[in-house]
Amino acid sequence: MTAGCFVTGTDTGVGKSIVAGGLAALLKNSGCNVGVMKPIATGGKYHNNRLVSDDALFLMSAAEIDDDYELINPICFEQPLAPTIAAQLNNTAIDLEKIRHAFDILCKRHDFMIVEGVGGLLVPVNEHYFIIDLAREFKLPLIIVSRLSLGTINHTLLTLSYAREHGVNMKGIIFNDHADTNECLKNYTVKEIKRFTNVPVLGAIPFDKRLDAENYHKETVLKIFSDNVDKSIII
């Protein structure tokens, strides 16, 4: 079984890429041969006539790797939509074998894999296959990224419950304060989630406007994650 983790979120826009990239930078800085992957991306942009994902590029920069981009992000769509919808608009189907092949190659090159999903666990990849199925197929435990805002308790507990019911192991939860939430709400949200689950809280990433996947500052990311994430549980 491959060592690593599958980074998912309670929703879209919760900061999965920041967390996945931050973890990659943290492990790389400690001497770990870490690999990264963004199997499916939507909302891609054209750079030098090639459609790429800013999230995937951020992961590559954070991990300081030179694997071929097509292995890191084998499936990319321009439309910022659910993968199934983006695929339909492009008159194509998502090639799961292409994703599996890329993952197998990366696993042989790296000791620890960080894989970032798209959206949450129930984002559809095709008619019968969801992101949770990809995590389960890769046999990677989940790191759930939760934003610190109203609704987080419900979203987090629902995600945990669904993962458990479908046989996916969990490594822990990382809270990401992506919108500078007030301290009272943050403290009580974390406390309540801890009260209702025994899943470890790996850390809470404070709001910092410099945490931007499109404008990567390595030292900033390393400092924030070193100070706020329990690395010993992740490896």
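Modeller: Strand β11 (residues 170–176) and β12 pair in the parallel sense over 4 bridges, strands here being DSSP runs of E with at least two residues, and helices runs of H or I with at least four, numbered from the N terminus. This is a predicted model, in which local features need pLDDT of at least 70 and side-chain atom pairs count only at pLDDT 80 or more, while totals for chains, interfaces and linings use all residues. Residues are numbered from 1 along each chain as its sequence is written, and side-chain values use heavy atoms, leaving out hydrogens and water.

Biologist: What makes β11 and β12 a pair?

Modeller: Two strands pair if DSSP finds at least two bridges between them, and β11 and β12 have 4 bridges; Asn176, for instance, has Ile205 in β12 as its bridge partner.

Biologist: Why is the contact of Arg50 and Glu70 called a salt bridge?

Modeller: The term requires a side-chain nitrogen of Lys or Arg within 4 Å of a carboxyl oxygen of Asp or Glu, and the N to O distance between Arg50 and Glu70 is 3.2 Å. Arg50 lies in strand β5 and Glu70 in helix α3, so the pair ties together parts that are 20 residues apart in sequence.

Biologist: Why is Lys38 called buried, and Asp55 partly exposed?

Modeller: Buried means under 20% relative accessible area, exposed over 50%, and partly exposed in between (1.4 Å probe, protein chains only). Lys38 has 4% and is therefore buried, whereas Asp55, with 25%, is partly exposed. The side chains of these two residues, Asp55 and Lys38, also meet in a salt bridge at 3.9 Å, N to O.
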